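Trainee: Hi, could you walk me through how the two parts of this model meet? I'd like to start with the charged contacts, if that's all right.
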Amino acid sequence: MLRRGIKGSFLLGIATVLVAVLAGPLLPIAHAQTDEGFSLQVSPSPLVATVQPGTDTTLELQIRNTNSSAQTLKMGLRSFDIDGASGQVKLGDAASSEIKQMVSFYAPEFTLEAGQIFTQKIIIHADKNKGFSYNFAITVSQANPPKGTKGQSAIAGSVAVFTLITVNRPGAVRKFELKSFSASKHSYEYLPAELSIKLKNTGNVNVQPTGTVFIQRNSSDTKPLATLPLNDSGGYILPGATRTFTVVWNDGFPHYETGQTGSTPTRELTWRGNGLSKLRFGRYVAKVVAIYDDGERDIPVIAEVSFWVIPWRIMLVTLVILVVILVGVFVTIRSIGRAARRASRKLNHTPKKHSDET
Amino acid sequence: MRGLRNYMSRNRRAAWLLSVVVLSVSISSYPVLILTGTASAAGLSQTLVRFDRMKATTPTTGTVCAKSASTGQTSVTVTFPTGYTVSTVTANWATNTTNLSWPTGASPWVTIGASASTATGQVVTWTSGSLIASTLYCFNWTNAAALSTGTAGAYTGTVATNIDTATPFSTAAIANDQIVVNASVAPSFTFAISANTDNLGQLSTGSVASSPTPRTATVNTNAKNGWYVWAKDASTGLNSATTATTIASTTPGANSTLSAGTEGYNTGITSSQTGGSGTITVGTAFVGGSTGKGGGLDTTLRTIASSTGTANNAVLTLTNNASISSLTLPATDYSDTITVVGAGLF
């Protein structure tokens, strides 16, 4: 009986030790994830690639644990949409079944020590016979997200990587049309002038517009006053989506500079610059030449808009100064004239002694 | 015969006198010859001609340095290596005396000509001031149109002054003298949540409770198109499992300010940024900044903030607010789970 008890205690002890040893590495991770926040770096973000249909293409996503403790992470997929009216990106909860079938991860779940970098391999298998582009978000989130406990709320973190896949197969149409080109105001007192170019992707693959906005005095000018790049940040327009690109012309004297103090946007008139040669006044024409590559050649899309720059306060001050000067000149001339007349009158009234004497 | 003897004796006297004169002249001129010989034999004690480009057949600027044991110079002449293409346009040989990593202790060349006085064949001459003996002087020729290196190989040239004899220098022209450094920087996105818990403490009807230490979401990215942060919660409010009640999120999608004594729950957001090209916009519904102000979360991911460009330490401060009414059921387990997602835009 005693022997059996000792044997039982011994087995229980071994079991306890085994459980402790096996669970040991997991416990600190679970603890770390509940209290020590979440911090990740992903690169590249966004992930843009062209894949061949009917074959596997492997993409790489570098994930670095920038947290101070180990993190167990899991990969996921989400859909996203562009709101037609606001242009806002809406992140969905789950990806479509087509995307789920098409995308797989080399390591769906993994643990990274603090500072550790992991290169996740993403395998894309695009159907041979359908689809020209697939756009979705790859998420990297906590494998064991914190859950609200008694009287305490939890905050779980996650990073999404927008993934834009173009399938390289015949029938792809790269095309956009210019929906509108406008200035934010009809007239500005000082620069910057803000120009909006709204483009709609009417093709079936993602397009990355390029081009230039020329600022000119007249529509037919061959030498522009300024040449501003369109979409210099390399943004994409998804099939069927509309995107507004903003180009700012601020090369004027003076001009407003914008900034941000805390969450408050700031705007300050700056007098730095090249002085009078950059004093903008009058009517200007902005001409946009937006370009896309249809697969054979570059196709330009051209439009123009005009706006005015009227620095009325500078004009008013100049006018006042001119009036003051003119008045001053007038008063001076008049007083000189008066003095001259007075002097001549004096001369006329002075008795001619010599002639009297004679 | 006597005549012959007289003639001989007269000639001997003349020859003797001539010999004396020649000897005297020789002796008296001997020190002069020695001095002259010494002057013409003195070379420069140190010379350096540095070509800024050593790649074969490449236009180059450069530097000339020399140290003399003498003074009184009025010109300096550089004979460039045969095979180098030397401009004969004197104006191309413009100079300056800016110290461009000259040898230690080198001084600007005294009154070096602004451009060459002559340039013929391989020989280029500049006017010069008198140098101080045993001092290293340098000047640069500043126009690459003046000289092109030869084909790859070893070369010699000389430097001289009107006082100092030509002293050789060696150089070489090589196939390539530059290392092209390439690097790429991928677009990256870093997202951090300061902590995973938020305890609002014991709620009361007398006041609106707010996060004692509001949690932050921090974005760092070089993505030029900006970034987005979305959030949702698990149960559209603070849920108590034990009482099966929820302090519901206040009007998700619209901004609100909670009042003490009225049940409500929302999240207010403020933002700041150390640097970056982006301007942060907090979602209209979630604008916070005062007690109880914010927007309600629900189970749909909603945009809580976005930015138009890169971000260095863009911080969103998330303050959760809750208020109860006198009818709110008592429980110690009111809780919520908020999920915050960040992404760099395409």
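Mentor: Gladly, and please keep in mind that this is a predicted model. Between chain B and chain A the count is one salt bridge.

Trainee: Which residues form that salt bridge, and how far apart are the closest N and O atoms?

Mentor: Lys232(B) pairs with Asp93(A), and their closest N and O atoms lie 3.3 Å apart.

Trainee: And how many residue pairs are in polar contact between chain B and chain A?

Mentor: There are 24 such residue pairs between chain B and chain A, counting those where both residues are at pLDDT 80 or more.

Trainee: Which strands of chain B supply the side that touches chain A?

Mentor: At least two residues each come from β13 (189-193), β14 (197-198), β17 (227-233), β21 (264-275) and β26 (337-344) of chain B, and the largest share, eight residues, is supplied by β26(B). Sorted by class, the side of chain B that touches chain A has 22 nonpolar, 19 polar and six charged residues.

Trainee: New topic: which strand of chain A pairs with β14(B), and in what sense?

Mentor: That is β11 of chain A, residues 153-167, which pairs with β14(B) in the antiparallel sense over two bridges. Within this pairing, Ala154(A) stands opposite Thr197(B) of β14(B).

Trainee: What about the whole contact, how many residues does each chain give?

Mentor: Chain B gives 47 residues and chain A gives 53 residues. The area buried between chain B and chain A is about 4100 Å², with carbon and sulfur atoms giving 50% of that area.

Terms used. Residues are numbered from 1 along each chain as its sequence is written. Chains are lettered from A and ligands numbered from 1 in the order in which they are written. This is a predicted model: local features need pLDDT of at least 70, side-chain atom pairs count only at pLDDT 80 or more; totals for chains, interfaces and linings use all residues. Side-chain values use heavy atoms; hydrogens and water are left out. Contact means heavy atoms within 4.5 Å. Buried area is the accessible area (1.4 Å probe) that two parts lose on being put together, summed over both. A salt bridge is a side-chain nitrogen of Lys or Arg within 4 Å of a carboxyl oxygen of Asp or Glu. A polar contact is a pair of N or O atoms within 3.5 Å; within protein, one must be able to donate a hydrogen and the other to accept it, and residues adjacent in sequence count only if both atoms are side-chain atoms. Helices (H or I, at least four residues) and strands (E, at least two) are DSSP runs, numbered from the N terminus. Ala, Val, Leu, Ile, Met, Phe, Trp, Tyr, Cys and Pro count as nonpolar, Asp, Glu, Lys and Arg as charged, and the others, Gly among them, as polar. Two strands pair if DSSP finds at least two bridges between them.
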